[in-house]
Amino acid sequence: MSPIDKKRQADLQIIARWVQSGERVLDLGCGRGVLLEYLKQKKSIYGVGVDIDFDKILSCVKRGVPAYQGDIRSILATFPDGSFDRVIFSRTIEQLDDPDAVIAEGLRVGRRVTVGFVNRGFWVNRMNAFLKGCHTINEVYTKPWYESAPSNQFSISEFESFCHAQKIIIENRVCLAGDWRSECALLPNLLAGYAIYDIASSD
Amino acid sequence: MNDSEPAPLIPEEGEVGFVDFQDFVSAEPFRFVSGGTIPELRLRYETYGHLNAAKDNVILICHALSGDHHCAGVHGIEERKQGWWNFMVGPGKPIDTTRYFVICSNVLGGCQGSSGPGSINPETGKRYQLDFPKLTVQDMVQAQSLLIDSFGVDRLHAVIGGSMGGMQTLQWAIDFPDRVGRYIALASGARHTAQAIAFNDTGRQAIISDPAWKQGAYDPDQGPDQGLAVARMMAHITYLSDVGMESKFGRRRRNADESKEHFDVEFEVESYLRYQGASFVSRFDANTYLYLTKALDRFDLHSPDSLDATLSVVTAPGLVVGFTSDWLYPPQGNREIVEALLRLGKDATYAELAMDFGHDSFLVRAPKLYELIHHFLAR
């Protein structure tokens, strides 16, 4: 596995730690189905991926992962409350319109919601913005602004204040340092490059 | 000459080549869902590839409304046209005949050699015509299951089909959950929309209002050719897309305008549709057209309770494929099947291909569709 692939899969092991075996998992923005394949092997889950792109769905088929090609909000609306044990947004939230509404839908459909994201507050990202005034580029977001999809990046502190305001319970949190491997406990909003949360609705 | 070149890793595509059809005859009376019976069941079919010793490598292909059992290869050296899914079926192709034993039968009610309104009732020595029992997609699948039994095959590796074939595929997964290893339904749906029923009925009215139809009691050589051709022309429009027709024909003309008004072929698209109508008449039976379109209009997986209730018995992994430009069986109708399956916790995949060929997209050779089917069958 290349270092970039390793970094792209930063949250695999952490999410696998939280997932109970046999869980029903919905992975929104599942990409090539790597996470679900991993969880299927390690935790014998029933997992379904959702992605808008045909080629991603094709990759899921190659991996033997059930997948649905379509819009995240439309598919969420078709599921009754509590259909899944866990709904995962791994680097997906920042690509969506109305993140608050989608997270609320995720919390309705899943008993737990797992969110993984690149921390916009990470000092390197701040320095890039401060010194060069430029858009975040790293091993995962490799493209300059003119080749990128609109991305609504947010920081650890922004996410936590959102959860607080929405009365969303933070069940688990892991912040990773700039290498996206070692855990970072100190001043995460400044020093962590990546964050993974397990959240649940308070009602 | 260096002949020690290593074999390619990916096998080259080959052709099925010359094929012959066979007839399966069950001397037992066949009972329809409607309660009607026919004294014997006859299905014409073709096979490609070889049945393995374990008898677990069978793929059943279900054809669409105007299709037949001849989906790959050619019948003779003078035949220029290959089977209707030749690009999909053959050595090294997605439905790989070096691995799978492929069966495709003319559907019950069809007119290419299987029992249908145009076939002879052995009890009376006459054609069934409108005495042929009311037909459903369930009956088609039930008849196919008897054909599969005749090979001593318990469980199919896969069932696959597009359009009406996709509906049969879904019906297989519902009626025979223990006999289906996986299924692929292309450009289909859980039921017809009002628009699809409306188009079908307009086609049926074209046939019925042709004086040559004679309440279905026509001589096969003097059938309602005009009505059937018009039905086919109209249905053919629903199989294409506006973008596809525009790029294929646009406003191109066959003949220049003349000073005197005439209603001969003027535009290229008229010529194409008239040809489609005329060639259809030479190979299709009008009563079969009436029976099959009715069976499709009545097909409804939302009934008697709900789509979820109907699909709850499905156990096999499924792949449903919609096509963006298909307005006859639109993506939403394909998608809702997978949405229901996922609500039920089933293993189901929905993929959507952006192709401009309308409903007929599944009959068009496209690398992405190719790859998708290849990998789903291999999983």
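**View 1. Overall fold of chain B in the predicted model.** In this predicted model, chain B contains ten helices and 14 strands. Its radius of gyration is 21 Å, close to the 21 Å that the globule rule gives for 379 residues, so chain B is as compact as a globular protein of that length. The C-alpha trace of chain B spans about 70 × 60 × 50 Å along its principal axes. Buried residues make up 49% of the 379 residues of chain B. When contacts in chain B between residues at least 6 apart in sequence are considered, 72% of them join residues at least 24 apart.

**View 2. The contact between chain A and chain B.** Chain A contributes 19 residues to this contact, and chain B contributes 19 residues. On the side of chain B that touches chain A, two or more residues are given by each of these elements of chain B: α9 (331-343), β14 (348-353) and α10 (367-378). The largest share of that side, six residues, belongs to β14(B). By residue class, the side of chain B that touches chain A consists of eight nonpolar, three polar and eight charged residues.

View 3. Is A:I75 buried or exposed? With 22 other C-beta atoms within 10 Å, A:I75 is buried, because a residue counts as buried if 20 or more such atoms lie within that distance. Not counting residues up to four places away in sequence, A:I75 touches A:V50, A:Y68 and A:G70 of chain A, together with B:E339 of chain B. A:F89 stands 14 residues from A:I75 along the chain, and the C-alpha atoms of A:I75 and A:F89 are separated by 14 Å.

**View 4. Helix α3 of chain A and its packing partners.** Helix α3 of chain A comprises residues 34-43, and its buried residues are A:V34, A:L35, A:L36, A:E37 and A:L39. Which elements of chain A do the buried residues of α3(A) pack against? The helices among these partners are α2 (12-18) and α4 (54-63), while the strands are β1 (24-28), β2 (46-51) and β4 (84-90). Just after α3(A), the residue A:S44 adopts a positive phi of about 45°.

Key: Residues are numbered from 1 along each chain as its sequence is written. Chains are lettered from A and ligands numbered from 1 in the order in which they are written. This is a predicted model: local features need pLDDT of at least 70, side-chain atom pairs count only at pLDDT 80 or more; totals for chains, interfaces and linings use all residues. Two residues are in contact if their C-beta atoms, placed from the backbone, lie within 7 Å. Helices (H or I, at least four residues) and strands (E, at least two) are DSSP runs, numbered from the N terminus. Ala, Val, Leu, Ile, Met, Phe, Trp, Tyr, Cys and Pro count as nonpolar, Asp, Glu, Lys and Arg as charged, and the others, Gly among them, as polar. A residue is buried if 20 or more other C-beta atoms lie within 10 Å of its own, exposed if 12 or fewer, and partly exposed in between; C-beta atoms are placed from the backbone. The radius of gyration is taken over C-alpha atoms; the globule rule is 2.2 Å times the number of residues to the power 0.38.
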